[in-house]
Amino acid sequence: MDSDNRNRQIGRRGFLAAAGAGASALAGLTAGTARAATPDPAITEVQDWARSLGDGVAVRPYGNPSSFEKHVVRRDVEWLTASRESSVSFTPLHDLDGIITPSGLCFERHHSGIAEIDPQKHRLMVHGMVERQMVYTMSDLKRFPGRANRVYFLECAANSGMEWRGAQLNGCQFTHGMIHNVMYTGLPLKTLLDHCGVRTAGKWLLAEGGDASLMTRSIPLDKAMRDCMVAWAMNGEALRPEQGYPLRLLVPGWEGNMWIKWLRRIEIGDQPWHQREETSKYTDLLADGRARRFTWIMDAKSVVTTPSPQAPLAGKGPQVLSGLAWSGRGAIKRVDVTFDGGRNWRQARIDGPSLPLSLTRFYAEFDWAGEELLIQSRAIDDTGYVQPTKEELRQVRGVNSIYHNNGIQTWLVRGDGQAENVEIS
Ligand SMILES: Nc1nc2c(c(=O)[nH]1)N[C@H]1C(S)=C(S)[C@@H](COP(=O)(O)O)O[C@H]1N2
Ligand SMILES: [Mo]
């Protein structure tokens with residue numbers, strides 16, 4: 001990112017209120033259909049693709065997107081990437097719709113690169129404060145009763161972490177793209193833990209990955225028993241290597257770092273282990289120098305994906321604003337949107353399932369006459385929690401944090417339809 005992409009600030013003064021926002025979209029549609037009156041070669045001429053036979057079945061044994069969709073890819077940010085093996089790529093949220101992230105577009109966060117694991121040789125060991133220490137093969141796991149399918153978001157705690165000191169990255173792929181949402185298949189962790197018999201003294205669980213970083217996190221046992229899972233499939237097929245093939249831990253609603261990939265070991269103990277990822281990392285430094293620890297839950301958050309810097313408005317007239325909302329505490333109950341930087345709010349239309357601990361899709365149809373817009377969205381979950389403004393967050397948390405920035409995002413849409421990441425001062 002260029003330096004001029006950083007620290008965008010905009011004052012309320014001089015901003016023209018979006019009076020047209022929300023007005024009838026039908027006028028624009030009528031104007032658009034007038035185009036049909038002029039002969040259009042796309043209609044009157046035989047197109048190239050209709051002159052010869054196309055590829056037959058099974059020419060593409062594993063299907064890929066159209067060659068016209070080549071721009072829909074994960075991207076990284078150069079100055080955030082010290083080495084490719086310990087880095088992050090971002091989900092192209094601005095190019096997606098619905099609530100499910102296609103497997104090949106799920107953001108990746110690796111500490112030691114992608115482990116390529118032979119499932120025949122993979123084992124999951126459960127040991128520590130249990131009656132029976134067990135070593136499971138993948139085939140053992142797939143023969144357990146109680147298999148489950150669940151849709152969950154996974155958000156890295158560092159998502160939006162570069163925005164603490166001001167607007168910086170220009171695109172929702174980069175400000176909010178450390179999130180994905182897929183349907184997992186696997187076993188409730190409780191099923192395995194009950195099989196091993198957790199001793200009464202056992203109160204904590206340590207999960208360890210099989211990659212070269214041997215990532216480890218402590219998880220309280222009540223969370224593990226409530227809704228954690230070990231999953232071997234996403235979106236109906238085996239996990240992708242990037243997402244932890246052949247086995248990963250799911251910790252629904254909690255920070256992505258705990259979702260150990262390439263899961264190989266679970267230890268039961270009576271206290272947390274205080275590993276690197278829960279001490280020097282994934283704690284939140286406050287203004288007074290103290291740090292919050294064990295901030296596991298991902299609070300309610302939302303982002304408008306169109307319009308956004310990578311998805312500008314194509315022209316005046318009817319528009320479909322679209323976005324995503326989620327909460328680590330439950331389901332999304334309501335999403336509000338504003339076109340004038342928070343002076344006026346209206347309720348967005350949620351469409352598709354509003355599952356707990358999953359992404360929820362919202363829309364707001366509006367008519368645009370070319371005026372400047374300051375677009376924001378605000379998520380409210382079913383516990384009543386309301387997504388805070390960035391300023392409200394900073395008052396409590398200061399600006400030293402990296403993690404858990406769930407403040408309201410602002411996009412400035414200019415007269416030419418281009419959008420920019422800004423903050424309202
Ligand atoms: N074994 C292992 N598990 C891991 C990691 C890792 O590097 N190794 N990264 C963690 C972090 S920080 C995040 S945000 C998520 C990212 O999951 P994803 O790559 O499926 O997006 O995995 C977590 N689990
Ligand atoms: Mo992460």
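The exercises below, each with a worked solution, concern a predicted model.

**Exercise 1.** Find which domains give residues to the lining of the largest pocket, and state where the pocket lies.

*Solution.* Step 1: the largest pocket has a volume of about 570 Å³. Step 2: 27 residues line it, and the closest to its centre are Leu 80, Arg 109, Ala 158, Ile 402 and Tyr 403. Step 3: domain 2 spans 78–292 and domain 3 spans 301–422; both give residues to the lining, so the pocket lies between them. Step 4: sorted by type, the lining residues are 12 nonpolar, 9 polar and 6 charged.

**Exercise 2.** Decide how the buried residues of helix α5 are placed around its axis.

*Solution.* Step 1: α5 covers residues 189–196, and its buried residues are Leu 189, Leu 192, Leu 193 and Cys 196. Step 2: these residues cover an arc of only 95° around the axis, which puts them on the same side of α5. Step 3: after the helix comes Gly 197, with a positive phi near 75°.

**Exercise 3.** Classify Trp 262 as buried or exposed, and do likewise for Leu 357.

*Solution.* Step 1: buried means under 20% relative accessible area. Step 2: Trp 262 has a value of 2% and is therefore buried. Step 3: Leu 357 has a value of 10%, so Leu 357 is buried. Step 4: phi is positive in Trp 262, near 50°, and in Leu 357, about 60°.

Note on methods
Residues are numbered from 1 along each chain as its sequence is written. Chains are lettered from A and ligands numbered from 1 in the order in which they are written. This is a predicted model: local features need pLDDT of at least 70, side-chain atom pairs count only at pLDDT 80 or more; totals for chains, interfaces and linings use all residues. Side-chain values use heavy atoms; hydrogens and water are left out. On a 1 Å grid over the protein atoms alone, a cavity is a set of points where a 1.4 Å probe fits but cannot get out, and a pocket is an open set with protein on both sides within 12 Å along at least five of seven lines; lining residues have an atom within 4 Å of a point. Grid points are joined across faces, edges and corners, and a volume is the space filled by probe spheres set on the points. Ala, Val, Leu, Ile, Met, Phe, Trp, Tyr, Cys and Pro count as nonpolar, Asp, Glu, Lys and Arg as charged, and the others, Gly among them, as polar. Domain bounds come from an automatic or database domain assignment. Buried means under 20% relative accessible area, exposed over 50%, partly exposed in between (1.4 Å probe, protein chains only). Helices (H or I, at least four residues) and strands (E, at least two) are DSSP runs, numbered from the N terminus. The arc is that of the directions from the helix axis to the C-beta atoms.
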